[in-house]
Amino acid sequence: NMVLMTAATSALTPNMILYLMNEYHMDMTTGSIIMFIWSAVTHISPVVGAFMADSLVGRFQMIGLGSVVTLLGMFLFWLTTLIPQARPPPCVISDNICRSAGMFQLFYLCFALAIVAIGAGVIKSLSLAFGSDQLKREVRQENVRALERFFSWYYALYALSIVVALTCLVYIQVNMGWALGFGAPVLLVLFATLLIYLGTPFYVKLKPKSSLITGLFQVIAASYRNRCLRLSSQSADILYHQKKGSTIVLPSEKLRFLNKACIVRDPQLDLNPDGEATDPWRLCTVDQVEELKALLKVVPIWLTGVVVAINISQPSFPVLQANTMDRHIGSSFEVPAASFGIFGFISTVLWIVLYDCLILPVASKLTGKPVHFSPKERMGFGLFLSLLSVLAVAVVEGVRRNIAIKEGHSDDPNGVIPMSAVWLLPQNCLLGFAEAMNAIGQNEFYISEFPRSMSSIASTLLALGMGLGSLLASFIMSTIDNLTKRGGAESWVSSNVNKGHYDYYYLVLAGFNLVNMLCYIVCSKAYGPCKGEEEEMVEEEKS
């Protein structure tokens, strides 16, 4: 279900900027902002899906519902290619007449894309959490790397599905037209929806519990209402409200002000006969407090991943850039401009395979003991590679733009220059390696650091960061566009890539990445060791 859904929805993105510019007559900035917002909704909607899955209907039911919603949205979007009234009439080049899309046409387009974004977003996060549910606690105890391997191969299949989207489905769009190109993904989503329901008898389905998100807000409210209570340095002097069956007896010393939320002042007034709190907005359990602490502790590190998301959320320019370069392999075959993103995902899969099957086994054999790079180490190296990828884009674009101007293509943004598109491989490969290191590291970091009851929220944090990154990317692009076109000057992010200065634009992004990497180093050290690392450090000292 995940592979088919990812392939189908990812097939919409690569050529979307060309579809909006050619069929809806949008400029590059407007089309990009629509895509940024669309991406943001796709990545933010999992938060709502996780809330409903954990507290109301369960993860499997939400995945099934998300599949049906995605199918509806894909079908509605496909209709824009079949119904002429759903988009503006073609431009009349001889009379220089090019009507923009009407209000209803834009509304229908955005509505269809929003439906796809909501459905796909729900599936994207819950599939990972639902998959981890299938790894029972006994499996994790027998194989400590089971969870890491699951995340790695899950992400490898995710990347492979995008490779299919960027090759087969993009090829259909370019060579067979929009109707077939956007119709094929509809069939994939239909098959995915049928498959997820056919597998119903085989899944481990955890029952939904009380709302975790509501519990987090209850801790905030209770700690504020109990702000006048004094915390004693002697834990024995304080009675804390414990959850039945919980192994957590006392709250941790970090973020101590939140501990006030679980202090029992008067057992007769604060607790019911069954031991539950009479007012859950004034008294919470120790487990609730620790869940909120776990979430707050990772926020600074999570924010550093948002900048990587800004780099990934640049779908428009790479297609326009590749469109102006020599993309021929031999004399007859030409690689579609939108397919060059495939090299990033091939790099992602390649790194995962090499890391899991070659790097770790060889390193373990050389050292004579199991070698394991922590999630924080992989996340940090991913940030560094992300910085290198943005710098590579800026350098290559500077060279490409100069060649285009020398060849007389200043006023022809579609003119092909004598520069091989092979120069685009380094930036795509670096970004693929960066995403493999950072994204997998983030997922493992959140799920391993959070209580298992928070696994859905843990798996949505990466998607939420991607959504925030898309919104920030939209803000950065619109701000740079407004600032650089003042006084009648050509915008850095002009629809004419030969007149714009995308090399400067990416240098600005490189500056953000450099500052972000330094912030990560500080946040990582402040966070301290992850779960399990303290025990490993003690064992190493003993040995």
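Q: How does H1 pass H8, in a left-handed or a right-handed crossing?
A: H1 crosses H8 in the left-handed sense, where the near helix is turned anticlockwise from the far one by less than a right angle (clockwise would be right-handed). The model is predicted, with local features needing pLDDT of at least 70 and side-chain atom pairs pLDDT 80 or more, while totals for chains, interfaces and linings use all residues. Residues are numbered from 1 along each chain as its sequence is written, and side-chain values use heavy atoms, without hydrogens and water.

Q: What is the angle at which helix H1 (residues 2-10) and helix H8 (residues 178-198) pack?
A: The angle is about 160°, and the axes lie 8 Å apart. H1 is therefore roughly antiparallel to H8, a label for angles over 145 degrees.

Q: How do you know that cysteine 91 and cysteine 98 form a disulfide?
A: Their sulfurs are 1.7 Å apart, and a disulfide requires two cysteine sulfur atoms within 2.5 Å. A search of the whole structure finds one disulfide.

Q: Why is cysteine 91 called partly exposed?
A: Its relative accessibility is 33%, and partly exposed lies between buried (under 20% relative accessible area) and exposed (over 50%), with a 1.4 Å probe and protein chains only. Cysteine 98, at 44%, is also partly exposed.

Terms used:
Axes are lines fitted to C-alpha atoms, for helices over the stretch in contact, and angles run from 0 to 180 degrees between N-to-C directions. Helices (H or I, at least four residues) and strands (E, at least two) are DSSP runs, numbered from the N terminus. Angles under 35 degrees count as roughly parallel, over 145 as roughly antiparallel, 65 to 115 as roughly perpendicular and the rest as oblique.
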